[in-house]
Amino acid sequence: MAAAASTRMSPPARTALWGFVLLWFVIAAFPFAWTVWGSFKVEGDFFSKADWTFALTGTLTQIETGGAFTGDGYYGAWVQEEFWKATLNTAIMVVCVVAISLTFGTLGGYALSRSTYRYAFWLLIAALLFRAMPPIALISGYLLPFYQWNLWGHLPTAIIVLVAINQPFTLWMLTSFFRNIPKDLDESAMVDGCTRFQAFRHVIIPVMWPGVITTGLFSLLLAYNDFAVTAMLLSKENQTMVPKIASFLGTTQTKGNIMFAVAAVVSTTAPIFLLVMFFQRQIVSGLTAGAVKG
Amino acid sequence: MAFGQSFVGDVKHKSFFLFILPSMAAMVLFIALPILSVLVQSVFAPHEQVIVEVKNCGPFGCTESTMIDQEATEKLRAEQPLGRFVGAEIYMNRGHLAFGEIGQAWSASEGLGDFVSRVLNLPFYGALAFTLTYTAVVTPLAIAFGFVIAIAVNSLPRLFRGPMIFFSLLPMIVTPLIGALILFWMIDARGILGSAIQSIAGDPNLSLKASTPLTWIMLMVYGIWSSAPFAFVVYYAGLQTVPQDTLESAMIDGATRWERIRYVVLPHLLPLTTFMALIKIMDNFRVFEPIVSFSAAAHAQSLSYFIFQDLGGETRLLSSAAATSVLTIAGVAILLSPVLVRNWRDFNRMRA
Amino acid sequence: MHHHLRKTLLAGAVFFAGTAMSWAADCGVSSGRVSIIGNEFPAIKSVAAKAGECDNIEFKANLTADHQKLNVAGMQGNPAEYTTAIIANSSIVALINEDVIRPLDDLIAKHGQDIPAQQLITIDGKVMAVAFMANAQHLVYREDILEKIGVEPPKTYEELLAAAKMIREQGIMQNPVGGAFAAGWNLAEEFVNMYLGHGGEFYKPGTAEVSINNEKGVAALNMLKSLTEYMNPDYLTHDSNATSAEWEAGNVALMNMWGSRTGRLMDAEGSTPEVYENTKVAGPMTVGGGSDPAATLWWDGWTVSKNISDEDAEATFLAMKYGISPALLNDKTMGEAVWMIDGYQPADVNQGVFAAIAMQTTPYPMLPYQGLLHTALGDNIAEFLQGKESAEQALADIEAAYTAAAQEKGFLN
């Protein structure tokens, strides 16, 4: 609808909508832009309690480093603290979590969306109640068996736990999307002699991408940003980005290097930007395939 | 690779089972079994501890102290490894439903207002007051906000949409650990946003962090800001599947843009809305991270925050955390029940 | 044998690569596993790194702020994942309660005769831990501001309040007092300080029954409230980080702060010369005419797991002993903590902690149920400070919350 509809929109409506987008752009992006700017300052400026304009003028940055901008945060995080190791671990973890979540989720979600037996409904409800369980309580329950069976500390353990914890969400989301794909598609394939799996493979898979990509995006962000699981279940050598960032923040009795954390956060946002730019075409391509009808 | 021919229109039990197996296995192993153990944990408590007086010495001299007599308690532990069975005692104690304390408050209070304030002084009900307010405010506003953003971004020229999707996602992308830290500094009375708010309000001493109502508002605004992107992306993807021919014919019939949204787009997006309402109600009821990141515990607490405290203290309260977890699940089930009943009707209509 | 070979090869490789890493050290270990869990800060990192230099050991370290959530679970299995936990006097209690650490007397008799007796933590006559560093909260003040108003550094909280009043009235600073008063652990710690300063006892002697709802408890709460009147209105959100930031911004002239943080306040980073050159430390203050300082002493030390082989226990003991030996001290590590190690030379920033020790400040109580009280305190004081309830009500709430928790844990019937 989009392109066609927007051209036919009345000018005042368009101005109002675009004005709204602009406003939202500022609300969503300003804190981040402020962070990007601040990541090139010293902590005393960016987190100043004396005067927030220090973050603009870089008063202390001048005094401490001799310039209005400094790359010390980036140097500290990436070179001194070897943040790239954590980035690598996160990359491995995120790819695996997304791939496994989506494989499990599309199979299950498809079956749930097509079954009219009562147990399908109750399975979805059960999954929802599973999700209601607070993750911290779950994780503290894992610790003892994981230590006992030598599962603690390894990336695969964190991956499968994240997949499982995220499975209710994935199932629900994909079921909702699959319900929007008309039943006639796979049913007519089955009338033509396909098995359920063949129908899924040849008819459903080609048209499911908008939903799957969107769900995948959330799995990705969940794994990428997870703190509870990764902080508690990974050993130091397998540590991912977020716990590493947390370790820059210090404790009650000691001060950390907050600017390392800020620099690390800023620099790891770039790959997400590329991913979103790449996949947003896929979300729309499902539409242009023209196969989806309501 | 044949799963066997199903009846057209429905998934046969066997193929259903095979499709759902991996997903189910993961959930049973890592969620259902832990929930079972949590249920068990919540009705057992550690054995009565035998305390003995001892003398402790260290770098700063000696002190009279006490410790647990391990030998005396070891036998009890060996006989009943789960601990002592206490039934619903933990659920009823002051840290949870506190029925006894409510009864006392009722008989001691001088009026309804006094009674309510006494009840809200109990941790569970104080937390519930905040959590329910938070859920009721943040859920609809975040979803509505996300919907409008989706419609607006969808009306942009194609070239701008990709970057705009990314920027819209930023509140979700930046890890809350750091995102909240930076926001918290920005809204400080001397931060950039805090100063801006002060000059807008014309009150140079205004501090968002010092007052309970302002802290609540701050947490809710943060909640909406950080979860609107989720609603936005789901709606944006949903908008791509809106049936074109229906829209075209509506346009030919002279429907205005608003009418098209009202009668074509919204009904099409309804299943997604239900889904999001379920997820967001649940997430908001379990609100936790903002309370920690914004050091807001003096003003607002939640059940998840209690669990965090029970598990994170010097002495862990496992049974208490388990009971709070079960109460959280029960609370979610109660809150979601209207949506679920609707879902059940839809499901039966689909069957028919 | 295999490990030995690998370690030797590794050491050789390091040597030939010519890196700055130090030689593998002979700590007297023939073989065994050393796996450390502990908090993550520079001093503990240095100790762990030193212990890891030992020859013939299989070494791992997990230093994380979440160590208290992991150490019990990681030591309950058999064999335990962690052979040693680095803990403080508050957190050793959880390990003793769950019975996961072993007495060290036999190992000390065999290998540890040279460890100074004052470093040994004995509980009921058995050595359960070896302490290696000390910490305490004490006064930090701005010399220039106090000179301006013409008063000496306060020795009591009452003097501190009087000085704060003068600073405010003379228009030098609006909120001259700082403090880590964030609701939760920090605020509870301030109450513990203040209550001990008033000479209070937390429990009825020899029992787990709490008794803080008394005059001393009320006095402690009122003093906390008086302090907050001279603090930034956001004090309930100020943890040590935020309090230090206020200090470095020059907004605060007097505060009670951790000795381990003063080094960063007095260095040239994060503030102007006017602030860091005038930042000075003194011992903890007393309160209400009492003689006990309103503060607590803390130590950090290491333990050895119970559920591990004798070989691993011995290896761990020797490696950790080496980790806190004088070999640890160099220009970099010297300033990381107040070490209890021979050859340690304290700097000016450490005088506050030494004063606290000299004043015989009470160590933080090492009681099985103290953690429960600390949590209850952290949850229930804020309402009083905000003026939402009376001191008596707050203390009653604390006692009720503690009692519910202690009953669950089996400390009370």
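Predicted model: local features only at pLDDT ≥ 70, side-chain atom pairs only at ≥ 80, totals over all residues.
Two residues are taken to be in contact if their C-beta atoms, placed from the backbone, lie within 7 Å. Residues are numbered from 1 along each chain as its sequence is written, and chains are lettered from A and ligands numbered from 1 in the order in which they are written.

Chain B is divided into domain 1 (87-121) and domain 2 (124-351), with bounds that come from an automatic or database domain assignment. The centres of these two domains of chain B, taken over C-alpha atoms, are separated by 31 Å. Nine residues of domain 1 of chain B are in contact with nine residues of domain 2 of chain B. On the domain 1 side, the elements of chain B that give two or more residues are α3 (89-92) and α5 (112-120); helices (H or I, at least four residues) and strands (E, at least two) are DSSP runs, numbered from the N terminus. This side of domain 1 of chain B consists of six nonpolar, three polar and no charged residues. Here Ala, Val, Leu, Ile, Met, Phe, Trp, Tyr, Cys and Pro count as nonpolar, Asp, Glu, Lys and Arg as charged, and the others, Gly among them, as polar.

Chain C also has a domain assignment, with domain 1 (18-134 + 298-346) and domain 2 (136-296 + 352-409). Their centres, again over C-alpha atoms, lie 31 Å apart. Twelve residues from domain 1 of chain C and 15 residues from domain 2 of chain C make up the contact. Helix α4 (residues 92-97) of chain C gives the most to the domain 1 side, with four residues. That side of domain 1 of chain C divides into eight nonpolar, four polar and no charged residues.

Turning to the contact between chains, chain B contributes 96 residues and chain A contributes 94 residues. Helix α1 (residues 13-43) of chain B supplies the largest share of the chain B side, 16 residues. The chain B side comprises 66 nonpolar, 22 polar and eight charged residues.

Chain A itself has 17 helices and zero strands. Its C-alpha atoms fill a box of roughly 75 × 65 × 30 Å along the principal axes. Of the 294 residues in chain A, 56% are buried; a residue is buried if 20 or more other C-beta atoms lie within 10 Å of its own, exposed if 12 or fewer, and partly exposed in between, with C-beta atoms placed from the backbone. Among contacts in chain A between residues at least 6 apart in sequence, 68% join residues at least 24 apart.

B:E48 sits in the loop between β1 (44-45) and β2 (51-58) of chain B. B:E48 counts as partly exposed because it has 17 C-beta neighbours inside 10 Å. Leaving aside residues up to four places away in sequence, B:E48 touches C:G410 and C:N413. B:E48 and B:T73, 25 residues apart in sequence, are 7.8 Å apart in space, C-alpha to C-alpha.

As for confidence, the model scores ipTM 0.89 and pTM 0.91. Chain C averages a pLDDT (the predictor's confidence in each residue, from 0 to 100) of 91, and 94% of its residues score at least 70. Over residues 1-22 of chain C the pLDDT is below 50, and this stretch has 13 contacts in the model beyond near neighbours in sequence.
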